[in-house]
Amino acid sequence: MTDETNGAGVSRFDVVIVGAGFSGLYMLHRLRRSGFSVRLLEAGSGVGGTWFWNRYPGCRCDIESLEYQYGFDDEVQRGWTWSEKYATQPEIRAYMEYVADKLDLNRDIQLETRVTSAVYDEDARQWAVATDGGTTFTGRFCVMATGSLSATRIPEFSGLESFQGRNYHTGDWPSDGVDFTGRRVAVIGTGSSGIQLIPIAAQQAEHLTVFQRTPNFTFPAGNRPIAKEEMDNVRSNFTELRDFAHRTRSGSFNESDTEPLADHDRAEALALLERAWNCQGPRLLSCFPDTMVNPETNDFVAEFVRGKIREIVQNPELARKLTPVGYPIGAKRAALDTNYYDTFNRPNTTLVDVREEPIERITPGGILAGGKEYALDDIVFATGYDAMTGALSRIDIRGRADVTLAERWKAGPKTYLGLQVAGFPNLFMMAGAGSPSVLAIVIRVSEQNVEWISQCLEAMRVKGVTEIEALPDAEEAWGRHVSDVAHATLFVRADSWYLGANVPGKPRVFMPYVGGLNRYSDACEKAAADGYSGFAFT
Ligand code: NA7
């Protein structure tokens, strides 16, 4: 276990972790507890990962705060009080800073350090992780905790560089905030980020123009303060709740059994959806267990939401444009909002449907779309991410025989259990492609990955082996399983970022594992119990 810097600007560790989001922070803590020397490298000037950068007004998590926290340490959870049902970005970031302080993680984190490459030295059996600061960190192991939604993406609009106003991406927001008061603002994109930002931007701006390509399904968040009794109740039952959550599909301690749509009469089914819309009982997409596999059920739920849009949006033509059609509800990640549809009733808010009026170019004074120029002071790109693989493909990762991960993944990402890639020994990935990732509560997935990887490294230490690598056959079989499970659902019937469809030229592969956290954990545990079957040890 070494932790030293030699004269040539190389620092040696047992493990180098990339990224100080939820996965990376716990990985650091867990490995350090097992006696490994670890260095965590983070591009931001603070911890938080995507929660560090997503500082746009209205940014919140779409998972309830009581669930969107670590479960591995009772003292950590007892020492924190959440204020709202859905925490704001500043509160989540403050929580992550609290955890980093409490566990004394900061002494092993190097901030403002962007990893540029990670190269495996087959002779020395170690990874050389190079950074923009010029220092190279070597580790016997490298863990990429780089996040699924961290590589921001601005589509190629011609003329952007000529724009005289200000422009921002929601996922890389200025730390001192942005004031839209008295300004003519455009938001391009109506995924979760746009949907959260738009109602607030409309209140501030002189005029807001929303450029929408695909209308998204969004449901009322029903955000509210968390009552003391509710917080206390979760606190005192936390261990049982967390253990239960880890055995569910979604990683949620609120997961409950529901009946398929066919088992309800119509009035009863509508009443269930109405309750969900009003934030009582199961969430809208969880009312019926067959929503993501049975097109009729899916359409029933979708039609219910379409009816709500028509009720809220006063102008029927505007309601039509805002109504999602042509893809299953839930197949693109649905958003939770506060007053989203109602915002379009405001006189200072305009919707431009870019399928009907395509964006031709950005001009010095605004956006030219459908032959009309929209005069603007600010443009916000709420255009999302090169999801799941983008953060990795932006690092020059080279495994055996100098083969790059980009080459290995040119037809789409392939992993064994989401944890490793054949040809890249001692490199681990977390909560990304091939894992349930964001299709379950991602912190539960991260915790599962952290614990599995830590136990694996401990087992290797005991056995005296220095190298672990996914076997190509195991990787192939897992990839097939991930694909088969996805293709048995309606998830594959939309142009979503789960499929890489939002990035031109990206291979169309369904990346996260839809089979559920419980099945995924079982597969990982089985592999470990079978002596790490599917992996080769040297
Ligand atoms: P998303 O969900 O990927 O949304 C991006 C939005 O930007 C979406 O509406 C896109 O339309 C739109 N977009 C992308 N490219 C263009 C172009 N070229 N022209 C017009 N509109 C475009 O990202 P978010 O940041 O909102 O949310 C990401 C996740 O973070 C979210 O799912 C939660 O898990 C948290 P499209 O639908 O592709 O037609």
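Analyst: In this predicted model, the axes of α14 and helix α16, which spans residues 517–529, come within 11 Å and cross at roughly 5 degrees. Angles under 35 degrees count as roughly parallel, and α14 and α16 are therefore roughly parallel to each other. On the α14 side, the contact is made by Arg444, Val445, Gln448, Asn449 and Trp452. Their partners in α16 are Leu517, Tyr520, Ser521, Cys524, Glu525 and Ala528. By residue type, the contact of α14 with α16 divides into 6 nonpolar, 3 polar and 2 charged residues.

Helix α14, residues 442–463, also packs with helix α1, residues 22–33. Here the axes come within 9 Å and cross at roughly 30 degrees. That angle makes α1 roughly parallel to α14. The crossing in which α1 passes α14 is right-handed. From α1, the residues in contact are Phe22, Ser23, Tyr26, Met27, Arg30 and Leu31. From α14, they are Ile443, Ser446, Glu447, Val450, Glu451, Ile453, Ser454, Gln455, Leu457 and Glu458. The residues of this contact of α1 with α14 comprise 8 nonpolar, 4 polar and 4 charged.

Helix α8 (residues 266–277) packs with helix α9 (residues 295–312) at an angle of about 60 degrees, and their axes are 11 Å apart. The two helices, α8 and α9, are therefore oblique to each other. Their crossing is right-handed. In α8, the residues that meet α9 are Arg266, Ala269, Leu270, Leu273, Glu274 and Trp277. The contact of α8 with α9 contains 9 nonpolar residues, no polar ones and 3 charged ones.

For Thr214, a polar side-chain atom lies 2.4 Å from an oxygen atom of the ligand. Trp497 likewise places a polar side-chain atom 3.4 Å from an oxygen atom of the ligand. With Ala382, by contrast, a backbone N or O atom lies 3.3 Å from an oxygen atom of the ligand.

To return to the helix of interest, α14 is roughly parallel to α16, and α1 is roughly parallel to α14. Residues of α14 in contact with α16 include Trp452, while those in contact with α1 include Val450 and Ile453.

Methods:
Residues numbered from 1 in each chain as written. Predicted model: local features only at pLDDT ≥ 70, side-chain atom pairs only at ≥ 80, totals over all residues. Heavy atoms only, no water. Axes fitted to C-alpha atoms, helices over the stretch in contact; angles between N-to-C directions. Helix = DSSP H or I, 4+ residues; strand = E, 2+ residues; numbered from the N terminus. Parallel < 35°, antiparallel > 145°, perpendicular 65-115°, else oblique. Left-handed = near helix turned anticlockwise from the far one by under 90°. Contact = heavy atoms within 4.5 Å. Nonpolar A, V, L, I, M, F, W, Y, C, P; charged D, E, K, R; others polar. Polar contact = N/O pair within 3.5 Å; in protein donor to acceptor, adjacent residues only side chain to side chain.
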